[in-house]
Every structure is written in structure tokens, then in C-alpha cells.
Amino acid sequence: SCVHTENCFVPISEIIAVEETEFNKKQRNIGRWHKMARLHAFTVYFSKKARNHRWRCSDVTFWCVDEHLCNQWIQVLKELLEMQKSRPKQLLVYINPYGGKRQGKRIYEQKVAPLFSLASISTDVVITEHANHAKDNLFEVNIYKYDGVVCVGGDGMFSEVMHGLIGRMQKDSGIDQNNPKASLVQCNIRIGIIPAGSTDCVCYSTVGISDPVTSALHIIVGDCQPLDVSSVHHNNTFLKYSVSLLGYGFYGDILKDSEKKRWMGPMRYDYSGVKTFLSHHYYEGTIAYQPAKHTHGSPRDKESCRTGCYICKKSEKQLAEQQKECGLKHEEGEEEWKVIKGKFLAINAVNMSCACPRSPKGLSPAAHLADGSADLILVRKCSRFDFLRYLVRHTNQDDQFDFPFVDVYRVKCFQFTSKLSEDNESNVMDIGKKRFGQFCRDHPACCCNIVNSTWNCDGETLDSSAIEVRVHCQLMKLFARGIEENCKDEAAYSQSSIEQLL
């Protein structure tokens, strides 16, 4: 079922609304029809794809002299829209008024709310007043009356809503989040992201662009993109969930330093990045990981995750079959663990490409959104010049893993313990209280007191230097469809569609 416009077909699934239209006498191109009789009209609003994954709300008006025929069209189209069961009717919206450039409330009210209203979506809006407001609120409200939860803000706001929603699901199902081996209950209430922060990595990696109108239209048409989530534990205590970057060393140090310079705004990341690069600290530790044998891709293939990704679908099916075969009798201890010891400038685990405007490929270009695995990237101790060569490759098309000091593995879980933790054989929380840390062997004269790095967990700091990380396949769902392929034949397809109609 399609509506024919001047140059393309619009599937019913991408129509936003149909409304009866008061005919405007100033409207052009009606010719002799206006002189003959009173005209009846209706307008179809639909999502129109523009360049670079951007969507826009467009409309086309149809008119005729037969009122009954006009009403019939409106009725049929509205019935077809009602049949689109994946579309949300009621949404819970959290707006962070302080994030990014403090534009969240204005962006929502001016760009998003009118579209939700046009699509007849009812909303309950909560303006967050403090950190964890949305997370705490999600444990109190009746979330089951909503078709989705929308967060207006950056990656921090999304993380807060995600923690609240997943945590609420586990609580209602009697699952102990502190058990690192617990099978978590899948969260079927979708999350929509309206980007309005200083970093919108999750939105960019799942839609292809950070644009409020595009994201709002994906929510309206009811798109659904499953997403892997990693759980992070320390000593049988739950710490955080991660969907994008879990970074120790370089990216952890940048975040730790930038947190002290929030007054600088987004520029603080550039300043801290240069400072961290020049300090060139490395950290010793041990990593143990289990390879993701169920996946059908690898970190170094050229298969990027796209809309309807066959690798994600195959990997999900393979993982389900493995779990069915193993059953409850299977002990994870029996599976193969691989151990790596060394000195590292950076340890990064990513559940998605982590692409952003500055790094269009991201940290791992072939990482998949929903294949039940993470890409573990180890950057060993090397010279400043070599490390710079590695960093520069994030901004161009060269293979960023093609260095002797860089290793990448596709894993389903891993553990990390810093050398300092091993040496002291004490609780990680006590390490910071030690008088002496690990002296910087590169600069013995300066006696840099390097205790440990910090984990950067989706833009939030974690101080535990000994952690256990596990990937939960498709634990949650977004109002998105992944990054769509750019269709070169779109114009030709539209032209042939018109010819068929004529």
C-alpha cells in the first residue's frame, strides 16, 4: 500500500499522519478545478529521506470534487495506519535541561513535540532536576502502560534511562543484578533517543546522524533495533551497564582529567586528549577473555552493521542454539579462556562501532549492534609516534588494526586485573589508600606516582581496576533501524515506479 507523490512511492509504514484539509484558495496548480466546484482535500504527512541518513517530515495534498470519495480515502488510510502495530501510542519522555548546550527543552518543544502531536502520540513529560532523576523515577512509575521511553539529551541521559529501565525489569522479574552470571530478562520497552547533548555516540551509531527530527520520525514510525548490553561487575557487585565504549588507559585518563574541567564545555575533551597523549602513561595488567565463537563476523572483516544486518540475525540464532544445547548443566568454567599479560596504553571494549562525526568509522568499524559480542582492542606499549599513527587512523579509511602493537578480539566476556591489584592481593577499593603506587619507568627522574587508570564506561568513570564484563545479546531495543545503506538506484527506482503508475 503506497501513496504516490510527484517523484516517489511512500510505503504506509513511513506515513506519519493523514488529515482532512481546509482547501486554501491561494493554493496554486488547481487550474480549472477551482472554478467548477467546491474542492475537498486531505493531506498525507510522511517521512522523506534526505542525504546522510537525515529524515524530514514532508507532505502532499490530494483534492477532488467528490466529498464522499475524499472521506473514503481518509478513512482507508487511517485504518491502514491503525494496522501498524509497532507504532507507539503513549510515550514517557525525560528531558535533561542541563546537558550539552542546555538546549534539550527547546529542541523537544520546537522540533519534536509538534511531530508527536501530528502523529497522535500522547506523552507524559518529565523535566529531570538532578542526576539519576530519570533512573529513580523509572523504578516508581507504571512503565507497562507506555509503548516506549524517550530521553532528550546526550549519552549520559541515555545511560541513565537505560539503567533505570533494565534495572526495573530485573527487579520485577526477581533477578539479582549483582550476580555476574545471571541471565538477565530482555527489556521489550523501546528507548528513543532525541540527541541534545555534547556527545551523541549511541544515536550516531544506530541512526547514522545526530538529528532530533530524524530520531523523532524513527520513533513515530515504530522502528525497532535490538542492542547488545555489557554488564560490568567487581567482586560479585554490579557496577554499570555499557552499550558503547568501555575504555581503560588512554580513554579512561582523558575522561578523568576532563571531569575536572567541565567549565571548559565540550572543548575540555580536546584539551584533556592532548594532555593525556603527551603524558603517555602505560598500565600493566592481565586480561582473560572468552572468544565469541557464535558470531559469524570478525573485527577485521569489512562487513559493517547495517539495517537488517544478517550477521546479527545469524549470530543471535547461533547463540540461542548453543545455549539450548548446553542447558543449565553447562559450566562456563569449562569453556576456553585465553589469557594475555602485558603493558597497555589503552584497553577498549566496544559493543558498537562508536562512530561519531570526528571519527566516521569509529573505534571498531565492523562491530555489530546485536550479535551478542564486543570487540576487545588492546593497544600495547609503543612510542608516542606509533600511538599517534594509530589515533590518526580513526579519522581516515586506513585499517586501524594493522599495527604490530594493536590486537583485536571478538569476545562474549572478559576479565581485567591491573598489575597493582595482583601485587597487593587486596581489595581494589583499598588500593587508592596505599602510600606508594607504581612508579613511571619511562621517566624515573620525575617519579610519577601512577596508581591505576580509570575505566571510561560510556562517558562515566569507574575506579575499579579489577572488573568482569559480560555481553548480553539484544538485552534492550531502540526506536531505530540501524544505519541504512545509501541506495544509488533510488532515483531510477522512483522513475520506474512513476512509469508503472502511468
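Reader: What percentage of the 502 residues of the chain count as buried?
Author: In this predicted model, the chain has 14 helices and 21 strands. Among the contacts in the chain with a separation of 6 or more, residues 24 or more positions apart account for 78%. Of the 502 residues, the share that counts as buried is 53%.

Reader: Is α8 parallel, perpendicular or oblique to α9?
Author: Helix α8, residues 250-259, packs with helix α9, residues 267-279, their axes being 8 Å apart and the angle about 125°. Angles of 65 to 115 degrees count as roughly perpendicular and those over 145 as roughly antiparallel. The angle of about 125° therefore makes the arrangement of α8 to α9 oblique.

Reader: How do the residues of the contact of α8 with α9 divide into nonpolar, polar and charged?
Author: From α8 come Phe-250, Asp-253, Ile-254, Asp-257 and Ser-258, and these meet residues of α9 including Arg-268, Tyr-269, Tyr-271 and Lys-275. The residues of this contact divide into five nonpolar, four polar and four charged.

Reader: With which side chain does the side chain of Glu-484 make a polar contact?
Author: Glu-484 sits in the loop between β21 (466-478) and α14 (490-501), and with a relative accessible area of 17% this residue is buried. Leaving aside neighbours within four places in sequence, Glu-484 is in contact with Lys-49, His-53, Trp-55, Arg-306 and Thr-307. The polar contact of its side chain, at 3.1 Å, is with the side chain of Arg-481.

Reader: Is Asp-458 buried or exposed?
Author: Asp-458 lies in the loop between β19 (455-457) and β20 (460-462), and has a positive phi of about 50° although it is not a glycine. Because its relative accessibility is 10%, and the cut-off is under 20%, Asp-458 counts as buried.

Reader: Is Asn-236 buried or exposed?
Author: Most residues other than glycine have a negative phi. Asn-236, in the loop between β10 (225-234) and β11 (237-242), has a positive phi of about 60° although it is not a glycine. Its relative accessible area is 57%, and over 50% is the cut-off, so Asn-236 is exposed.

Definitions and conventions: Residues numbered from 1 in each chain as written. Predicted model: local features only at pLDDT ≥ 70, side-chain atom pairs only at ≥ 80, totals over all residues. Heavy atoms only, no water. Axes fitted to C-alpha atoms, helices over the stretch in contact; angles between N-to-C directions. Helix = DSSP H or I, 4+ residues; strand = E, 2+ residues; numbered from the N terminus. Parallel < 35°, antiparallel > 145°, perpendicular 65-115°, else oblique. Contact = heavy atoms within 4.5 Å. Nonpolar A, V, L, I, M, F, W, Y, C, P; charged D, E, K, R; others polar. Buried < 20%, exposed > 50% of the residue type's maximum accessible area, 1.4 Å probe, protein only. Polar contact = N/O pair within 3.5 Å; in protein donor to acceptor, adjacent residues only side chain to side chain.
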